[in-house]
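Subject: A structure for you to explore

Hi there,

Here is the structure I promised to pass on to you. Have a look at it first, and then read my notes below.

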Amino acid sequence: MALGIQNRGFTRWWLPVLALLMVMQLTACGDKEPEQRKAFIDYLQNTVMYSGARLPTLSEDQQKKFSNYNGDYAILVGFSQQLSKSIGASLTPALDQINQIRVAQDYMSKRDALQQSIGALNLLGQQIQSAKSQADAARMALKQPDDLKAVYNQVYDNIVTVPTHALMPAIPTTTSFIQDLVHIGDFLQAQGNQVSFNNNGVQFRTAQQATQYNAMILNLVAKQQDLLKAQQTIQPLMCISRDLI
């Protein structure tokens, strides 16, 4: 009987010790968060801020160092990858097709491909808006300490907000230019044997035909400067999308 009393007494003494050890263990795990946050902030400031739109993939060691903040980084990577993929499937080939128009006959020979690219460009705008909405929602759900939040917001603007604002106006500008190219191709196709191509130029049977054609070309030239400005604005994004092809 005495032995039983001793066992119960030992148990009563040991349980508080176990509880204390558990608290100490949890506290020790919690202490890693400042270290993880510091490592993640350093990575954002010294690596991501200078990476452009293409973000590096985290190594296993980095994932261990950042731990709970890997999801925060995944938001940036997810948008960056979607942006590059969408541009590579639509805007990049569309601009390549524009650059392939060198002689009058190209308006007709490239017409079908250009027409298809218009649909792809319309889809591009929807894809980017959807990707940004998803990224914005995920960002709003994050629970970040103030020091990390300040740095993360700056990086988020560079990776998500600024590229989106640069890209969206370039889409209708490019689309409008391509539509004019297609319109010229349609016009030349409709002339049948009333038009001929010589020395990379074009000749018409009537002055009215020539006047219509020249008006379309002048309109195209007037829009070309806007297209060049749009290309310059999104050039960094274009380079990344080409590298991924």
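This is a predicted model: local features need pLDDT of at least 70, side-chain atom pairs count only at pLDDT 80 or more; totals for chains, interfaces and linings use all residues.

Residues are numbered from 1 along each chain as its sequence is written, and side-chain values use heavy atoms, with hydrogens and water left out.

**Salt bridges**

Side chains of opposite charge can pair when their charged atoms come close. The structure holds seven salt bridges; the term stands for a side-chain nitrogen of Lys or Arg within 4 Å of a carboxyl oxygen of Asp or Glu.

Helices here are DSSP runs of H or I with at least four residues, strands are runs of E with at least two, and both are numbered from the N terminus.

R37 also forms a salt bridge with D147, where the closest N and O atoms are 3.0 Å apart. Since R37 lies in helix α2 and D147 in helix α8, this pair ties together parts that are 110 residues apart in sequence.

R37 counts as buried because its relative accessibility is 17%. E33 is partly exposed at 23%, and D147 is partly exposed at 39%.

Another salt bridge joins the side chains of D136 and K132, at 2.8 Å from N to O. These two are four residues apart in helix α7 (residues 111-140), so about one helical turn separates them. D136 is partly exposed, with a relative accessible area of 24%, whereas K132 is buried at 15%.

**Two glutamines in helices**

Q45 lies in helix α2 (residues 32-46) and is partly exposed, with a relative accessible area of 38%. Which residues does Q45 touch, not counting those up to four places away in sequence? They are Y50 and V151, where contact means heavy atoms within 4.5 Å. The C-alpha atoms of Q45 and V155 are separated by 8.1 Å, although the two residues are 110 apart along the chain.

Q191 belongs to helix α8 (residues 146-191). With 14% relative accessibility, Q191 counts as buried. A polar atom of its side chain lies 2.9 Å from the backbone oxygen of F187. Leaving aside neighbours within four places in sequence, Q191 is in contact with F204 and Q209.

**The hairpin**

F204 leads us to the strands. Strands β1 (residues 195-198) and β2 (residues 201-204) run antiparallel and are joined by four bridges; two strands pair if DSSP finds at least two bridges between them. V195 stands opposite F204 in β2. The hairpin has two residues between its strands, and N199 takes a positive phi near 50° there.

Enjoy finding these spots in the model!

Best wishes

Definitions and conventions. Buried means under 20% relative accessible area, exposed over 50%, partly exposed in between (1.4 Å probe, protein chains only). A polar contact is a pair of N or O atoms within 3.5 Å; within protein, one must be able to donate a hydrogen and the other to accept it, and residues adjacent in sequence count only if both atoms are side-chain atoms.
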